[in-house]
Number of protein chains: 2
Amino acid sequence: MRLVVCFLSLLAVFGPAECGNVLVWFTEGSHWINLKIVLEALIDRGHDVTVLVPDASLFMQAKESDRFSYQPFNVSLSAQDVEDSFEDFLHFSMYEMEHLNLLQIHIKFYQLFSKDLDLSLKYCDGVLKSSELMDKLQHGKFDVMLTDPIYPCSEAVAEKLNIPFIYTLRFSIAHTFERLCGQMPAPPSFVPGVMSKLTDKMSFTERIINMLFYVSQDALAISLWKKIDNYYTEYFGRPTSFCEMMGKADIWLIRTYWDFEFPRPFLPNIKFVGGLHCTPAKPLPKDVEEFVQSSGDDGIVVFSLGSMIDKLDKDRSNMIASALAQIPQKVLWRYGGEKPDTLGENTRIYKWIPQNDLLGHPKTRAFITHGGTNGIYEAIYHGVPMVGIPLFADQPDNLAHMKAKGAAVVMDFNRMQIQDLVDGLNAVINDPSYKENAMRLSRIHHDRPVKPLDESVFWIEFVMRNKGAKHLRVEAHNLTWYQYHCLDVFAFLITILTVVLYIFFKMCKYLIMCCCFRSKRKSKKE
Amino acid sequence: MRLVVCFLSLLAVFGPAECGNVLVWFTEGSHWINLKIVLEALIDRGHDVTVLVPDASLFMQAKESDRFSYQPFNVSLSAQDVEDSFEDFLHFSMYEMEHLNLLQIHIKFYQLFSKDLDLSLKYCDGVLKSSELMDKLQHGKFDVMLTDPIYPCSEAVAEKLNIPFIYTLRFSIAHTFERLCGQMPAPPSFVPGVMSKLTDKMSFTERIINMLFYVSQDALAISLWKKIDNYYTEYFGRPTSFCEMMGKADIWLIRTYWDFEFPRPFLPNIKFVGGLHCTPAKPLPKDVEEFVQSSGDDGIVVFSLGSMIDKLDKDRSNMIASALAQIPQKVLWRYGGEKPDTLGENTRIYKWIPQNDLLGHPKTRAFITHGGTNGIYEAIYHGVPMVGIPLFADQPDNLAHMKAKGAAVVMDFNRMQIQDLVDGLNAVINDPSYKENAMRLSRIHHDRPVKPLDESVFWIEFVMRNKGAKHLRVEAHNLTWYQYHCLDVFAFLITILTVVLYIFFKMCKYLIMCCCFRSKRKSKKE
């Protein structure tokens, strides 16, 4: 029966192919939310999907879907340890960071990442060092491994199982993964490092900042990766580099597109599949629809700070509620905290909102967002202008993109006052340029030859069909850094040129001396 | 009626869109053969296509199809002048070049290209300086201009008409167009210059050769383009750079793909659509099919030196015929010269052959080809191994690609002997690796999310729908060369570092001196 489903479903989109076994490395948070969409699509097309889930996971629960085969593994961590680590990041990004200088931020980030990496390596232990589990995986005859590289070790599992692997990646800071390991060129003069909050149009000072950002992030990454290098070297019993192993990925599915990204160089095995989770809006629940319709011509504002932030402190929630009370639109606010005292009559609080369906509603005028990529892509998909309140991770950078493209205004979470939020909302709702730009991005998003989810599925199946995609892998992987930049060639050519010039000048000098000597002798004789 | 055709045909592939007016710049030879396929597809989808044709054209004749609107223009040249220029190139590449050293080749190429450019600028005169024609084009309300940039001036016409334009490009020597004008990164360490005959796996010496090839070709191109700069500057009445104007192209449709290319970096507005002209094989004419079937299990060999070379000198044709007579396969040879005396019974000469249908025939064992891209792509499409006899232009380089990918052996046209050709044919027919590699390339060719012709049409229509594709254009276009390479940033940082180090050492010196002075005074006192 499975074979029939497989055959029919594959035929429907790209013609006949074989159904396969997909192994999926665990991930967390919005990364998992996005990855699930691809896995569901693979299952719809008849493939078997097995997801590795640690017993200490915040987001991946076996209960979520019985369509995947979950393969649990043990880690010497509790879910609380993971949550604590995440809370440390959050607290630092949202509250501490702004009081520190650049060097202090850098040191603190190193400490946080280093601690996080120690936790990650315990997950590696849970899989790689469990001979029972590795045996089981070996016998699972997987065709491909799909993995979000924010947690390491999937590449080592793929190497051990001798199967090709595909990354699905939102970002690495300053593109360190893609540049240093994937060999993607990214000239710092017009490719702003992810998290730098810069755009592709940089002043001289900004280009200096971007360059220093690249250099500092590279140094940070390389020093952190040493831990993984040592882990891999010990595990495989031979000198093994994490970054080199990452470079073996057959395909990099990047979860953005040119509606969001500034145009930049890339490689044949990098595919931009941003917005793959977006779908047309479905009808709203009756009570929500009634509230939306009650907004009349003013329309509604949708407000969410994402799946990670459920509550705010009292002052901040009161400040935001006061601002929302001042606009003529009705507001739907996804919020898990106490009802703010200043909540206006136009604002309703919900524990959960059908965000995509609301953004796709014709009455929606604006989206107040923390700037997570999933939410931004839903806004782009439906052409809704944004008011950004970025909190942590890539959110400030994401919103810098939307601001540069004229589809958002951005607030400072720690400094914004009531009037700032009111002004921001009035701007994106009443200045038509924001809506026009959001609609332009929406057109770019929709107007592409293959839908992003179909493209993701295509390349995963391509790797399964062809046992990899080595024909897309640049030869740069086999060059040293000085060979890549032709420094050895330059050194050779400069040496040759110097020698030739030296001999030339020596000969000239000799000839001049000869002439002088002769003319002297001649004049002496005379 | 046209609107109905348009609506229905557009709906069939990519959903609804508006039909548009496409203006096409003239081109010649195999470039025109390939371009016509795209134009036919555009007409099938209901667009109006107007092709500019000079009265001195070798290939583009109004008779060819009445589906296009031909817009003739006058040039102060005869078809003979064009043919003579082409013959000069051909003769030099095929017979003279091998007797010259690198510097002489370089000088001769400069002279040939310079002469050719003078002819090309006469075509520009024919369009740009004919106010009557320019007025007519202005009133034609074109949505996009489609052009193969081997002949300049299309970009100036598009600028004058204020319409977006798209390049369809097979290659420029050492990627000069794409790199210098399109801002495509191409590190010489692993991106071999087109026409260098190098692969992506280069030894130290080869990397030196590649670097020198890039530098010399850049110098050649830049000095040649000065002529066009002057022409444009005079025409527009303001300083105008040909290369900068090329950089305004919205999309670059490159007529290759990763079945042929070595993987290398590219940009969001570069689309690889190689093999768009390939189609499944149709049944052969009855007499040809009978001859093919008479080959039994040995099968057939298809032989053509392309649309440009119809005849060979007697010695060479006899040599080739002798070699062909020695293989057990039947041979179908497209040849317009006299029947060679040594022609074997297994070989039949045809003025014209249905090349694609023959290459797609199950009895075909090998393809003897001059290595034109169109022919190579037909062989890739059908998975046929090749014996290459490259003659001129990109042919030696194309075949170097096929050889590196294990799907061809390559002969030297001027030096090959009977046994070389026999050995070459026996190798590709009897060593299974050649067939396997040809089939591997064929799989890569077919296994992509969008067919190349559909992808070409999609991006042409995208530009028409959206009045350009500026969201895919990298900011590198607005940087100087030293900004692009961050040389100003490096200079600044090095200066700062030097000043800081200088002050630091000065202070150290001062402190040491102070200490010494104190201790001396102390000891003096004591």
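## Salt bridges

Over all chains of this predicted model, a search of the whole structure turns up 42 salt bridges. One of them joins B:Asp488 to A:Arg207, whose side chains meet at 2.7 Å, N to O. This pair crosses between chains, since B:Asp488 belongs to helix α19 (residues 487-525) of chain B, while A:Arg207 belongs to helix α8 of chain A. Both B:Asp488 and A:Arg207 are buried. Side chains of opposite charge can pair in this way when their charged atoms come close.

Within chain B, the side chains of B:Asp250 and B:Lys470 also form a salt bridge, at 2.7 Å, N to O. B:Asp250 sits in the loop between α9 (242-246) and β6 (251-254) of chain B, and B:Lys470 in the loop between α17 (452-466) and α18 (481-484) of chain B, so the bridge ties together parts that are 220 residues apart in sequence. With a relative accessibility of 3%, B:Asp250 counts as buried, because the limit for that class is under 20%.

A further salt bridge of chain B links the side chains of B:Asp125 and B:Lys129, at 3.5 Å, N to O. Here B:Asp125 is partly exposed, with a relative accessible area of 30%, and B:Lys129 is likewise partly exposed, with a relative accessible area of 47%. Salt bridges also link A:Arg45, A:Glu461, A:Arg465 and B:Asp447 into a network, in which residues of chain A are listed together with a residue of chain B.

## Strand β6 of chain B

β6(B) pairs with strand β5 (residues 165-169) of chain B, the two running parallel and being joined by four bridges. In this pairing, B:Thr168 has B:Leu253 of β6(B) as its bridge partner. β6(B) also pairs in the parallel sense with strand β7 (residues 270-272) of chain B, over three bridges, and there the bridge partner of B:Trp252 is B:Ile270.

## Relation between the two chains

Chain A can be superposed on chain B with an RMSD of 0.1 Å by a turn of 180 degrees together with a shift of 0.1 Å along the axis. The two copies are thus related as by a two-fold rotation axis. In chain A, the C-alpha nearest this axis belongs to A:Phe266, at 2.8 Å from it. The same surface serves both copies, in that 100% of the contact residues of chain A recur in chain B.

## Two loop residues

A:Ala186 lies in the loop between α7 (176-181) and α8 (204-236) of chain A, and with a relative accessible area of 10% the residue is buried. When its neighbours within four places in sequence are left aside, A:Ala186 is in contact with A:Arg179, A:Val191 and A:Tyr214. The C-alpha atom of A:Ala186 is separated by 8.0 Å from that of A:Phe266, although the two residues are 80 residues apart along the chain.

In chain B, B:Ile150 occupies the loop between β4 (144-147) and α6 (154-161), and this residue is partly exposed, with a relative accessible area of 33%. Apart from its neighbours within four places in sequence, B:Ile150 is in contact with B:Thr27 and B:His31. B:Ile150 and B:Phe26 are 124 residues apart in sequence, and their C-alpha atoms are 9.8 Å apart in space.

## Annotated transmembrane region

An unreviewed UniProt entry places the feature "transmembrane region" at residues 489-512 of chain A. In the model this span is 100% helix and 0% strand, and its end C-alpha atoms lie 34 Å apart.

## Confidence

The mean pLDDT of chain A is 92, and 94% of its residues reach 70 or more. For the complex, the predictor gives an ipTM of 0.93 and a pTM of 0.93. Where pLDDT is low, the predicted coordinates should not be read in detail.

Terms used:
Residues numbered from 1 in each chain as written. Chains lettered and ligands numbered in written order. Heavy atoms only, no water. UniProt positions renumbered as here; feature names shortened; annotations may be inferred. Least-squares fit on C-alpha atoms with pLDDT ≥ 70 in both. Contact = heavy atoms within 4.5 Å. Buried < 20%, exposed > 50% of the residue type's maximum accessible area, 1.4 Å probe, protein only. Salt bridge = Lys/Arg side-chain N within 4 Å of Asp/Glu carboxyl O. pLDDT = per-residue confidence, 0-100. Pairing = 2+ DSSP bridges.
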